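I opened this entry to log a few look-ups.

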Amino acid sequence: MTGELSPIDRAKFVAAKRAAEMVQDGMRVGLGTGSTAAWLVRCLGEMVRDEGLRIKGVPTSTRTAELAREVGIEVVSLDQAGWLDITIDGADEFDGELNLIKGGGGALLQEKIVATASDQMVVIADAGKEVEKLGAFPLPVEVIPFGWQTTRSLIEETLVALDVLGRSAALRMSGGAPYVTDEGNHILDLHLQRIGNARQLALVLNQVPGVVENGLFIDICDRVVIGFGDGRVEVRDINEGTIEHDQVDVAEKDNLFTDLAD
Ligand code: 5RP
């Protein structure tokens with residue numbers, strides 16, 4: 001069954017599997033959104049079923065909530081959980097300081113709230129997500145539908161004074177209509193190519209009326225688990241300054257690799 005996984009999927013899987021080992025009995029766990037996070041949810045579901053792991057999962061999207069329930073994880077809201085021990089999520093890009101671009105899957109708002117309400121955030125990613133400078137991946141910005149075109153113009157004007165290479169903002173579409181987030185908002189994808197000062201950009205964007213949140217995660221991520229197609233993983237801890245290497249066994253049970261709907 002694992003022979004059907006592409007090298008990228010195997011890399012995502014091993015990163016997720018290694019990160020799942022960081023989850024301990026009794027923890028309240030933020031569950032990310034996206035294809036890598038879906039592997040994590042499946043791995044945790046297997047641990048719940050086979051090892052009796054007891055956790056409360058706080059999903060960051062309706063998609064993740066559905067999958068978590070499907071694999072047997074107890075799902076609670078963030079307000080029910082109060083504070084989380086750990087959040088594990090994917091990313092679209094990460095740099096050497098573990099600053100991130102997130103929101104490619106459209107869930108950046110809940111993802112940022114949940115990650116910020118956690119003792120630690122762990123990012124799981126294939127090695128291709130690492131960049132020297134953030135910005136090649138279009139930066140998602142969640143905006144309210146009211147006056148979104150005005151908000152887009154204001155963002156583009158604001159970008160003129162900032163250290164970025166590109167300045168166009170595109171409304172994200174889905175099936176011929178504007179994409180709608182779980183919160184009923186739209187997403188503008190900013191094609192910046194290179195972000196000179198991500199910290200400044202994150203602050204400035206959130207000052208624009210109509211912007212709900214942006215996909216820059218600055219000083220939020222504590223660890224990254226980088227997966228490789230051959231089963232190797234690298235765990236970097238930005239607070240401890242440590243780097244560990246490991247190998248994950250990919251000879252998994254068939255049921256983990258079926259019906260992955262993300
Ligand atoms: C969703 C996200 C995802 O974590 C990000 O898009 C990475 O997705 P994938 O694991 O599918 O590559 O931010 O909003």
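Predicted model: local features only at pLDDT ≥ 70, side-chain atom pairs only at ≥ 80, totals over all residues.

**Cysteines**

The cut-off for a disulfide is 2.5 Å between cysteine sulfur atoms. By that rule I count zero disulfides.

Next I looked up burial. C43 has a relative accessible area of 3%, so I noted C43 as buried. C221 comes out at 4%, so C221 also goes down as buried.

**E111**

Which residue carries the "active site" annotation? The UniProt record, an unreviewed entry, puts that annotation on E111. I noted that such annotations may be inferred rather than shown by experiment.

I then placed E111 in the fold. E111 belongs to helix 5, which spans residues 108-116. Is E111 buried or exposed? Its relative accessibility is 3%, so I logged E111 as buried.

I listed contacts next, leaving out residues up to four places away in sequence. E111 touches T33, T60, D89, K102, G103 and F217. With K102 there is also a polar contact, side chain to side chain, at 3.1 Å.

**Ligand**

Which residues come nearest to the ligand? There are 17 residues around the ligand, and S35, T36, D92, G103 and K129 come nearest. G103 is also among the contacts of E111.

For the side chain of E111, the distance from an N or O atom to a ligand oxygen is 3.1 Å. G90 contributes through its backbone, with an N or O atom 3.3 Å from a ligand oxygen. On its own the ligand has 370 Å² of accessible area, and the protein covers 91% of that.

**A127**

Last, I checked A127. A127 sits in the loop that links strand 7 (121-126) to strand 8 (139-143). A127 has a relative accessible area of 31%, so I put A127 down as partly exposed.

What does A127 touch, beyond neighbours within four places in sequence? I found I226, G227 and F228 in contact with A127. I also looked up the pair A127 and F94. They are 33 residues apart in sequence, and their C-alpha atoms are 9.8 Å apart in space.

Definitions and conventions: Residues numbered from 1 in each chain as written. Heavy atoms only, no water. Buried < 20%, exposed > 50% of the residue type's maximum accessible area, 1.4 Å probe, protein only. Helix = DSSP H or I, 4+ residues; strand = E, 2+ residues; numbered from the N terminus. Contact = heavy atoms within 4.5 Å. Polar contact = N/O pair within 3.5 Å; in protein donor to acceptor, adjacent residues only side chain to side chain. Near = heavy atom within 4 Å. Areas by Shrake-Rupley, 256 points an atom, 1.4 Å probe, with all protein chains shown as cover.
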